[in-house]
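My notes follow in the order I took them.

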Amino acid sequence: MKEKFNEKVIPVILKFINTKAIQSIKNGMVTSMSPLIIGSIFLILSNFPVKAVVDVLESTGIKPVLDQVCGATFSISALIAVIGISYSYAKLENQEPLNCGIISLATFLILMPSSITTEGGEVVSGIINKTWTAGQGMIGAIIVGLIVPPIYCWFLKKNIRIKMPAGVPEGVTNAFSALIPAFVILTGAAVIHGICSIGFDTTGIEIIYKVVQTPLQKMTDSLGGAVLMCFTGPFLWFFGVHGSTVVGGIMTGLLQANSLANQAIIDSGVELTIANGGHIVTQQFYDQFINITGAGITIGLVMYMFFFAKSKQLKALGKLGIIPALFGINEPILFGAPVVMNPMLAIPFIGMPVIACLIQYFALYTGICPLYGATQIPWTCPPIISGFLLAGWKSALLQLVILCVSFFVYLPFIKKVDKMNLVQEKNQPVEDEDEDW
C-alpha cells in the first residue's frame, strides 16, 4: 500500500502543490503576516481584558489611535492578498512582478462596490469600502490574483508590449511594457463590472462572496470540514509530503476570512457567538491548536523521549527536540524518530490532530471557550502563552488539555518503539574505539 501510494498518489500531490497557483497563494498570503501580527498587538491593547485599563485608554483618547492601526492592518488584508499573490505569480514566471501586483489591485477595486447607502437613504459614491477589502473580499482577491497574472505574463512572453530604446531607465521601461496588458485587463474588468452593475445591480466581488465564499466558509466551519482539514495535514506528512504547506495553501484564505468575519462582529458591538454568526474554524483554530508544537501535536512524543525514554536514540532525540517543539518546530522528531513512514506511530500522529479538533470544536461550540477574533499570534509562540494572548485563560487551559492528551495518545505507541530500539541497541555489538583511529 505504501509503495502504491508513493508511486500513484504522492506524485499527483507534489505536482498539485508545486503549481504556480498554489505556490502563489501560499507565498502571497504570507505577505499579510507582518501587518496582521503588528495589528494584533494593537488589537490586544485596545481590547485589554482589564476594564480599568480600557477605561483609561478611552478617557485619554488612546483607544481610537489603537483602533486606527487595527483598521489599517486587518481591514486591508484582501488588498495585501491580491497584490502578494499576483506579485508571487509573476515572479515565478520570471516577469516584472510589481506592475502585475498593481494591475491586480486596480482590477480588484474595479470589481468591488464603490458606494454605500446611509441610514438616511443617501448614496455616497467614490469610496473604498473596508467591508470588502477585508474578510468578505478575501476569496475575490485570491481569484483576481490568480486570473490577472497569467494574462499579464502572456502579453510579456509574446512580446506584446511598448518597447523603449536602449538607455531608458529600467523602471520606465517596465512601466511602458505593462501598458498594453494593463489596458486589456482593466478594460475587461470594466466590462465585467458594467454587466454586473447594470444587468444585475451588484458587483463582481459581491457575486463571488455570495456564490463562492459564503458556501466555502460554511463548509470549512462545519465539524466534518474541520476534521478533514485536521486529518489531511498529518496524513500527507506521514508520507513525507509537507502537509502543512498543502493545507495552508488551500485553506489560509478561507480561515483568515472566518477570522476577519468574527472581528467584524466584535467591531459592530455585538457579542461574538455562533448565534450572532461567529465562525468556529479560523486561522487560530488551526495554527494555535491543531499545529501546536508542530504537525501531529508531537509534544507528547517529545515529552516521553525527554523524561522516560530508555533507548539511547530516543533519549538523544528528546534532548534535541524539546526546545524546538515548544516553538512549533518538530522536523527533527518527524525525521529522526522517525515518524514519517513509520507505521508504529501512524495512528497517534494522524489521530491526535483529529482528537484536538474534536476537543476544540466542542469547547467553542458549547461556549466553554470564546470564539477567536482577528488577533494573530505567530505560530512559533510557545503554547499556553499563545492561548492566553489569543483569548485569555480559557484558551490557555484548552491548550494545556490538548498537550496532556497528546502525551497519553502517543504513550502506548512510543513505549513500544522505545522497547524495540532498546532491544536493538543491546543486541548491537560494541565497536572497538581503537578501530576508529
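I searched the whole structure for salt bridges and found 2. The model is a predicted one.

I took the pair within one helix to begin with. Asp-67 and Lys-63 join their side chains in a salt bridge, at 3.3 Å from N to O. Both sit in helix α5 (residues 62-73), and because they are 4 residues apart, about one helical turn separates them. I checked their cover: Asp-67 is partly exposed at 34% relative accessibility, while Lys-63 is buried at 15%.

Then I looked up the other pair. Glu-93 and Lys-157 form a salt bridge with an N to O distance of 2.4 Å. Glu-93 lies in the loop between α6 (77-92) and α7 (97-111) and Lys-157 in helix α8 (residues 138-157), so this bridge ties together parts that are 64 residues apart in sequence. I noted Glu-93 as buried, with a relative accessible area of 15%.

Next I asked which lysines gather in a patch of positive charge on the surface. I listed Lys-310, Lys-415, Lys-416, Lys-419 and Lys-426. Of these I followed up Lys-415, which is placed in helix α20 (residues 393-427) and is partly exposed, with 46% relative accessible area.

Last, I wrote down figures for the protein chain. It has 20 helices and 2 strands, and 45% of its 437 residues are buried. I noted 25 positive and 25 negative charges, whose mean positions are 7 Å apart. The C-alpha trace spans about 80 × 60 × 40 Å along its principal axes.

Methods
Residues are numbered from 1 along each chain as its sequence is written. This is a predicted model: local features need pLDDT of at least 70, side-chain atom pairs count only at pLDDT 80 or more; totals for chains, interfaces and linings use all residues. Side-chain values use heavy atoms; hydrogens and water are left out. Patches are made of residues with over 30% relative accessible area and no salt bridge: like charges are joined within 9 Å, nonpolar side chains (Val, Leu, Ile, Met, Phe, Trp, Tyr) within 5 Å. Accessible areas come from the Shrake-Rupley method with a 1.4 Å probe; for residues, only the protein chains shown count as cover. A salt bridge is a side-chain nitrogen of Lys or Arg within 4 Å of a carboxyl oxygen of Asp or Glu. Lys and Arg count as positive and Asp and Glu as negative; His and the chain ends are not counted. The place of a charge is taken as NZ of Lys, CZ of Arg, CG of Asp or CD of Glu. Buried means under 20% relative accessible area, exposed over 50%, partly exposed in between (1.4 Å probe, protein chains only).
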